[in-house]
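Trainee: I have a new structure open and would like to learn how to read it. Could we walk through it together, one question at a time?

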Amino acid sequence: RTIARQRSRLASLKDGDANTSFFHRQCMYRRQKNRIHSLVVDEQVVTDPRDMAAAAYAHFDGLLGYAPPRECALELEALISPVNLDDLEAPFDAEEICNAIKLLPARKAPGPDGFTAEFLRACWPAVRQDFIAVFQQLYELRGCGFSCLNQALLMLLPKRADARGLGDYRPISLIHLVAKIFAKVLSLRLAPKLNDLVSTSQNTFIPGRSLHDNFVLVRQSARLLHQLGAPCVLLKLDLTRAFDSISWPLLFDILRCYGFGTRFLGWLAILLSS
């Protein structure tokens with residue numbers, strides 16, 4: 001029923017609804033709407049599905065590829081004040097894993113395994129021991145073979161109605177539940193520490209802060225500058241694809257200076273490298 005709901009995007013489905021003509025018309029409409037019929041690659045229109053797939057693979061393989069080696073280094077110790085983060089490396093327990101599962105959003109598209117958060121919440125007593133065993137392996141940094149549980153389906157969402165080139169699409173990943181829950185557990189451990197780790201000028205994704213504070217600050221600054229009447233320039237920077245193009249060695253150097261331990265960095269490396 002969950003997969004059928006994803007195909008049709010109908011809010012509610014009852015037994016037998018997936019066999020009605022209305023349901024199939026809705027699914028066909030969404031299938032045609034979600035299909036990419038053509039792409040503009042190097043100023044040429046490509047319509048063959050195999051050519052479009054090859055162009056998409058080449059585009060995102062270069063975008064998500066390895067960063068070039070650094071020609072200089074930063075004295076991070078002079079810029080970052082370390083914080084005590086030893087409690088982030090505590091062993092995992094069943095209650096912590098179950099709490100992360102309860103906080104997963106509902107009615108999301110499944111990953112390669114085909115399972116959703118609703119399945120785990122309904123069948124947790126049956127799969128509980130398997131998840132505990134997986135987390136125990138990860139706690140011991142035995143990440144061999146974790147790539148099988150960290151595969152993803154890369155989906156393209158149009159940024160604009162008249163999307164033509166690959167730059168007009170935003171990629172999202174539909175991943176396995178195991179990797180998703182592992183990342184969720186780590187994020188829940190890290191959330192109480194973010195207020196001390198992240199600067200007060202960063203208001204997004206931090207509990208207790210609001211993105212609207214930045215908007216209010218910009219609006220008030222613009223009004224003040226307008227009242228002063230002095231020549232001025234407001235500069236807006238859009239940091240696109242920040243994580244996709246970041247240097248992983250630099251990322252780990254920064255995290256190490258913040259006080260993250262070897263085990264926590266090892267967990268991040270297992271997630272990223274696989």
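Mentor: Gladly! Keep in mind that this is a predicted model. Let's begin at a single residue, Gly259, which comes just after α9.

Trainee: Against which helices do the buried residues of α4 pack?

Mentor: Start with the residues themselves: Ala94, Glu96, Ile97, Cys98, Ala100 and Ile101 are buried in α4. Their packing partners are α5 (117–139) and α6.

Trainee: Now for the rings. How many aromatic pairs does the structure hold?

Mentor: Ring pairs link a cluster that includes Phe135, Phe146, Phe260 and Phe264. Over the structure, the number of aromatic pairs is 12.

Trainee: Is the pair of Phe92 and Phe182 stacked or edge-to-face?

Mentor: The ring centres of Phe92 and Phe182 are 6.1 Å apart, and the planes stand at 75 degrees. A plane angle over 60 degrees counts as edge-to-face. The pair of Phe92 and Phe182 is therefore edge-to-face.

Trainee: How many residues apart in sequence are the parts that this pair ties together?

Mentor: Phe92 sits in the loop between α3 (49–63) and α4 (94–102), while Phe182 belongs to helix α6 (residues 177–190).

Trainee: Is Phe92 buried or exposed?

Mentor: Its relative accessibility is 14%, and the cut-off for being buried is under 20%. So Phe92 counts as buried.

Trainee: Which parts does the pair of Phe182 and Trp267 tie together?

Mentor: Phe182 is buried, with a relative accessible area of 0%. Its ring is also edge-to-face with that of Trp267, with centres 6.4 Å apart and planes at 75 degrees. Phe182 lies in helix α6 and Trp267 in helix α10 (residues 262–273), so the pair ties together parts 85 residues apart in sequence: helix α6 and helix α10.

Trainee: Which residue lies over the face of Tyr139?

Mentor: Tyr139 is one of the residues in the ring cluster. At 4.3 Å from its ring centre, over the face, lies Arg263.

Trainee: Let's step back to the domains. How much area do domain 1 and domain 2 bury between them?

Mentor: Domain 1 spans 1–32, and domain 2 is made of 36–67 + 83–211 + 237–272. Their centres, taken over C-alpha atoms, are 29 Å apart, and the contact takes five residues from domain 1 and six residues from domain 2. The count of salt bridges between the two domains is zero. Of the buried area, 50% is on carbon and sulfur atoms, and its total is about 490 Å².

Trainee: Last one: what share of the residues in the chain is buried?

Mentor: The chain has 10 helices and four strands. It contains 274 residues, and the share of them that is buried is 27%.

Terms used: Residues numbered from 1 in each chain as written. Predicted model: local features only at pLDDT ≥ 70, side-chain atom pairs only at ≥ 80, totals over all residues. Heavy atoms only, no water. Phe/Tyr/Trp six-rings, centres within 6.5 Å; stacked < 30°, edge-to-face > 60°. Helix = DSSP H or I, 4+ residues; strand = E, 2+ residues; numbered from the N terminus. Buried < 20%, exposed > 50% of the residue type's maximum accessible area, 1.4 Å probe, protein only. Lys NZ or Arg CZ within 6 Å of the ring centre and 35° of its normal. Domains from an automatic or database assignment. Contact = heavy atoms within 4.5 Å. Buried area = accessible area lost by both parts, 1.4 Å probe. Salt bridge = Lys/Arg side-chain N within 4 Å of Asp/Glu carboxyl O.
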